[in-house]
Structures are given as structure tokens and as C-alpha cells.
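The sequence and structure come first.

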Amino acid sequence: MAYIWIKAGVSKLGQHHSVTQSIKGYEIFTPEWSDALATLIGPLEVAGGVLLLLGIFLRGSSKVAAIVLTLFMIGIAQAWARGLGIDCGCFQPDPGSDAQVMNYVKTLARDAFYMVLTVWTIVRPYRRAAIYS
């Protein structure tokens with residue numbers, strides 16, 4: 001999951017305008033909130049991924065990741081239910097796909113799998129093996 005969060009965050013760095021447009025596409029936030037979220041989301045994803053990678057605050061950072069992922073999945077589901085054609089802005093678009101509209105089923109299935117991994121990390125975080133003499 002560290003790789004996923006870092007990759008998603010790095011893809012947003014330096015892409016403020018396109019990230020803002022992706023957030024506006026959900027038709028949830030005002031333009032001001034979309035702009036603010038576009039500024040924050042990339043660096044926060046990278047920071048969370050680094051914490052996961054280093055195993056620092058593993059359970060806490062996984063809980064935050066689960067909350068963010070849940071909110072993201074709700075955002076995707078509501079956009080799909082309302083018939084919005086959006087690009088989630090998560091990663092670089094697939095080369096062979098229509099870059100303007102995501103595959104909702106594939107995206108939600110992928111995110112459900114990520115949620116399973118995230119919950120696993122919350123329930124069973126990595127622990128160093130005890131060395132007994």
C-alpha cells in the first residue's frame with residue numbers, strides 16, 4: 001500500500017490545475033475547496049505512503065488511509081450513481097482507455113482490494129520477530 005499511496009501522490013505533484021479539475025468533476029466541493037484539496041492531497045498521499053513504507057505509526061497511518069479510501073470510494077460511487085463521467089485523478093490514465101472517464105466497476109473493485117490490504121495492516125501490523133535465546 002505504501003507504493004500505491006506514494007505513486008498516487010507523486011502523480012499529483014506539480015499538476016495542481018489538472019488535480020483541481022479532477023476534484024471539481026465530482027461536483028461535491030466548491031471551486032475554493034477543490035483548489036485547497038488539490039494543494040494538499042498529493043503531499044499528504046506521499047507522506048502517508050512514506051510512513052507506511054518505513055513502518056512508522058503503521059496502525060495510525062493505516063487508519064487514516066482507510067478513512068481517505070472510504071471517502072474516495074463514496075465519491076466515486078456517488079459520481080457513478082449521478083451519471084457523471086469523471087477521471088478520478090488517481091494515477092496516470094491507462095494508455096488504451098478513454099482518459100476522460102474512469103471504469104467505475106474496475107476502480108471500485110481495485111479500491112476494495114486496497115481496503116482489504118489496509119484493514120489487514122490495521123488488524124495485523126508488521127511486528128519484528130522476537131529472538132529468543
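This is a predicted model: local features need pLDDT of at least 70, side-chain atom pairs count only at pLDDT 80 or more; totals for chains, interfaces and linings use all residues.

W80 is partly exposed, with 42% of relative accessible area. W80 belongs to helix α4 and Y104 to helix α5, and the pair links distant parts of the chain, 24 residues apart.

**Helices α4 and α5**

How do the helices that carry this pair pack? Helix α4 spans residues 58-81 and helix α5 residues 104-123; their axes are 9 Å apart at an angle of about 160°. That angle makes α4 roughly antiparallel to α5, because angles over 145 degrees fall in that class. The crossing of α4 and α5 is left-handed. Sorted by residue type, the contact of α4 with α5 comprises 17 nonpolar, five polar and four charged residues.

**A second aromatic pair**

The count of aromatic pairs comes to three. One of them joins Y26 and F72 in an edge-to-face arrangement, with 6.4 Å from centre to centre and 65° between the planes. Y26 sits in the loop between α2 (16-25) and α3 (31-54), while F72 is in helix α4, so this pair ties together parts that are 46 residues apart in sequence. Y26 counts as buried at 8% relative accessibility, because the cut-off for buried is under 20%. F72, with a relative accessible area of 21%, is partly exposed.

| Residue | Relative accessible area | Class |
|---|---|---|
| Y26 | 8% | buried |
| F72 | 21% | partly exposed |
| W80 | 42% | partly exposed |

**Helices α2 and α3**

The loop that holds Y26 lies between α2 and α3. These two helices pack with their axes 8 Å apart, at an angle of about 125°. That makes α2 oblique to α3. The crossing of α2 and α3 is right-handed. On the α2 side, the contact is made by H16, V19, T20, I23 and K24. On the α3 side, P31, S34, D35, L37, A38, T39 and I41 take part. The residues of the contact of α2 with α3 divide into six nonpolar, four polar and two charged.

Technical notes. Residues are numbered from 1 along each chain as its sequence is written. Side-chain values use heavy atoms; hydrogens and water are left out. Axes are lines fitted to C-alpha atoms, for helices over the stretch in contact, and angles run from 0 to 180 degrees between N-to-C directions. Helices (H or I, at least four residues) and strands (E, at least two) are DSSP runs, numbered from the N terminus. Angles under 35 degrees count as roughly parallel, over 145 as roughly antiparallel, 65 to 115 as roughly perpendicular and the rest as oblique. A crossing is left-handed if the near helix is turned anticlockwise from the far one by less than a right angle, and right-handed if clockwise. Ala, Val, Leu, Ile, Met, Phe, Trp, Tyr, Cys and Pro count as nonpolar, Asp, Glu, Lys and Arg as charged, and the others, Gly among them, as polar. Rings of Phe, Tyr and Trp (its six-membered ring) pair if their centres lie within 6.5 Å; planes under 30 degrees apart count as stacked, over 60 as edge-to-face and the rest as tilted. Buried means under 20% relative accessible area, exposed over 50%, partly exposed in between (1.4 Å probe, protein chains only). Contact means heavy atoms within 4.5 Å.
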